[in-house]
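Here's a quick walk through one protein model, with the cut-offs spelled out as we go. Have the structure open while you read.

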Amino acid sequence: MGTAISLDLADDLPAATLHELAEETFGWLREVDARFSTYREDSEVRRFDRGELPLAEASADLRLVLERCADLWGATDGFFDAYVTGRLDPSGYVKGWSAQVASDRLLAAGAANHCVNAGGDVRVRGHSATGGPWRIGVRHPWDPSATCLVLTGTDLAVATSGVYERGEHVLDPRRGAAVQGLRSVTVVGADLGVADAYATAAVAMGRSGIGWLDRLPDHLHAVVTDDARLLHSTRLPLAD
């Protein structure tokens, strides 16, 4: 779906094993692209949206994603809406979800130390090749060559949504118009798909999203406002 994806396997495993794990991971992500890309007319999500594919004949993955998107619509008071543009586009959940599934599969396969980075949505587990915790840089929303903060940890799902790359593409589903107030929102939790959706919802809320994030259980956040203020949870795992 036009997303650059990188994989860092930090376990001391045979080269052939690491190669096989990488191939399986990227194979899964190619499968996700074929099924969920809104840019491919033959994708399952486009065929379902056009009414060509009945729900009963949809894949288990598509049915799961639709169910999760419905749950997230309720959890965000409608600000995460897979139909906000008038057509089905679950990308705000699928990108994080697919990377989370990739990480879960790596862990189950014995690769306990890894980093999956799907266009800035990052799932890390264990330790990096240095033996220390992973360091996750959050892109500066005005300077693509800089970070605005760096997080660190051994088991983190870090999702960032913003308007600095694709312009004001996040819509307020209640007004159907682009929102202003928040330049960038980063959400940290245990599940990358949920964190991704929450970050998108908070951007759609505008400045009121800050208070919503403050009340969100089991998640931490960092926000950059349009007037360049950086606000974040006091317990955010910042690197020294």
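## A loop residue to start with

A146 sits in the loop between β4 (134-139) and β5 (147-153); strands here are DSSP runs of E of at least two residues, helices are runs of H or I of at least four, and both are numbered from the N terminus. With a relative accessibility of 24%, A146 comes out as partly exposed. The scale behind that: buried is under 20% relative accessible area, exposed is over 50%, and partly exposed is in between, using a 1.4 Å probe and protein chains only. Skipping neighbours within four places in sequence, A146 is in contact with V138, R139 and H140, where contact means heavy atoms within 4.5 Å.

Some ground rules: this is a predicted model, so local features need pLDDT of at least 70 and side-chain atom pairs count only at pLDDT 80 or more, while totals for chains, interfaces and linings use all residues. Residues are numbered from 1 along each chain as its sequence is written, and side-chain values use heavy atoms, with hydrogens and water left out.

## Aromatic pairs

There are four aromatic pairs in the structure. Rings of Phe, Tyr and Trp (its six-membered ring) pair if their centres lie within 6.5 Å; planes under 30 degrees apart are stacked, over 60 edge-to-face, and the rest tilted. W28 and W97 have ring centres 5.5 Å apart and planes at 70°, so they are edge-to-face. This pair links distant parts of the chain, with W28 in helix α1 (residues 15-36) and W97 in helix α4 (residues 91-108), 69 residues apart. Both W28 and W97 are buried.

W97 also pairs with Y93, and that pair is stacked: 6.5 Å centre to centre, with 20° between the planes. Y93 and W97 are four residues apart in helix α4, so about one helical turn separates them. Y93 is buried at 1% relative accessibility, and W97 is buried with a relative accessible area of 5%. Ring pairs tie W28, F36, Y93 and W97 into a cluster. Then there's R105, which lies over the face of W28 at 4.2 Å from the ring centre; a charge sits over a ring if NZ of Lys or CZ of Arg is within 6 Å of the ring centre and within 35 degrees of the ring normal.

## The nonpolar cores

Which residues have the most contacts inside the largest nonpolar core? They are F36, L62, W97, V185 and L213, in a core of 51 residues. Helix α5 (residues 192-205) supplies the largest share of this core, 10 residues. A nonpolar core is a set of buried Ala, Val, Leu, Ile, Met, Phe, Trp, Tyr and Cys residues joined through side-chain atoms within 4.5 Å. Leaving out residues up to four places away in sequence, V185 touches A159, T160, S161, A199, A202, V203, L213, A222 and V223.

A second, separate core of 15 residues includes A10, V138, V188 and L220. L220 is in strand β10 (residues 220-225) and is buried at 14% relative accessibility. Beyond its neighbours within four places in sequence, L220 has contacts including T186, V187, V188 and P237.

## A buried serine

S128 is in the loop between β3 (121-125) and β4, and at 13% relative accessibility S128 counts as buried. Its side chain joins that of T130 through a polar contact of 2.8 Å. That term means a pair of N or O atoms within 3.5 Å; within protein, one must be able to donate a hydrogen and the other to accept it, and residues adjacent in sequence count only if both atoms are side-chain atoms. Not counting residues up to four places away in sequence, S128 touches A10, P133 and W134.
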